[in-house]
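Visitor: I would like to learn how to read a few local features in a model such as this one. Could you take me through them slowly?

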Amino acid sequence: MRVILLGPPGAGKGTQAKTMSESLGIVHISSGDLLRDNQERNTELGNTARSYMQQGLLVPDDLIIGMIEERIGRADASGGYVLDGFPRTVEQAQALAAALERRGESIDRVVNIRVSEEELVARLGGRWICRACQRPYHELNSPPENEGECDDCDGELYQREDDASEAVSRRIRVFAEQTAPLIDYYSGASGFVDVDGEGTIDEVRESLLRAVS
Ligand code: ADP
Ligand code: ADP
Ligand code: ZN
């Protein structure tokens, strides 16, 4: 099973990809998590990506495409994956299609998660993330049991720099301009599903599981 989760920043992709990958027994591949890991390790990719990410702009396609092709080619991805945050441009989607074709593979589901802009801003403003396992929390909607500490792994929770400041509105605008065209790109194909992302985390999880089963 290969699934793409589409949706604006704050739609719940990371939250849902984590539980979906666990219930389907496939890996969760998040382009944002991979980039932040590269930044922490100070790799060339991480250092190039940093200024784009801080500003809320997309990292250039060729860098992202190379990173994802390498990731989906690893052994643990052979049984399938949930792609979270990639593709984000039509060019990335075309590169993914070409890479899959070379491998004799295809995408089974593209799930578009819809959430209003007002709700996105509220979600991003209260988001906390585990530094160790990247699980997202929200200070009101889904707080951890112990403040500042991950329920799953005791890791330290932090707030992303790009979840404050003008980077938030820029990311939402970048989504509308560069990523929303992907909805058209995929909506004609079989396996495309639209899901309302405004319910509770549990409600959205149920809708998503129905969409992929
Ligand atoms: P969110 O969960 O808020 O949507 P991500 O963690 O997916 O954010 O992405 C954070 C940042 O990383 C983006 O604002 C962008 O700079 C960069 N990024 C992540 N995925 C991609 C991608 N597929 N193409 C280009 N840039 C990306
Ligand atoms: P994305 O990966 O699409 O940027 P996240 O999964 O990180 O989104 O979720 C963004 C924020 O919203 C997090 O703080 C998360 O806890 C919270 N959140 C996710 N889904 C919901 C939901 N259905 N209702 C309320 N808050 C949610
Ligand atoms: Zn954790």
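Predicted model: local features only at pLDDT ≥ 70, side-chain atom pairs only at ≥ 80, totals over all residues.

Visitor: Which residues are the protein donors of the zinc ion (ligand 3), and how are they spaced in sequence?

Guide: The donors are the SG atoms of Cys 130, Cys 133, Cys 150 and Cys 153, which lie 2.3 to 2.4 Å from the zinc ion (ligand 3), and in sequence these residues follow the spacing C-x2-C-x16-C-x2-C.

Visitor: What arrangement do the donor atoms around the zinc ion (ligand 3) make?

Guide: Ideal angles for four tetrahedral donors are 109.5 degrees. Here the 4 donor atoms subtend angles of 97 to 119 degrees, and the arrangement is therefore tetrahedral.

Visitor: Which way do the residues of strand 1 point?

Guide: In a regular strand the side chains alternate between the two faces of the sheet. In strand 1, Arg 2, Ile 4 and Leu 6 point one way and Val 3 and Leu 5 the other, and all of them are buried.

Visitor: With which strands does strand 1 pair, and in what sense?

Guide: Strand 1 pairs in the parallel sense with strand 3 (residues 81-84) over 4 bridges, and with strand 4 (residues 109-114), again in the parallel sense, over 4 bridges. Val 3 has Val 82 as its bridge partner in strand 3 and Arg 109 as its bridge partner in strand 4.

Visitor: Where is Ser 142 found?

Guide: Ser 142 is found in the loop between strand 6 (136-138) and strand 7 (157-158), and with a relative accessible area of 17% Ser 142 is buried.

Conventions
Residues numbered from 1 in each chain as written. Chains lettered and ligands numbered in written order. Heavy atoms only, no water. Helix = DSSP H or I, 4+ residues; strand = E, 2+ residues; numbered from the N terminus. Buried < 20%, exposed > 50% of the residue type's maximum accessible area, 1.4 Å probe, protein only. Donors = N, O, S within 2.8 Å, 3.2 Å for Na, K, Ca; no water. Tetrahedral: all angles 85-135°; square planar, octahedral: opposite > 155°, others 65-115°. Pairing = 2+ DSSP bridges.
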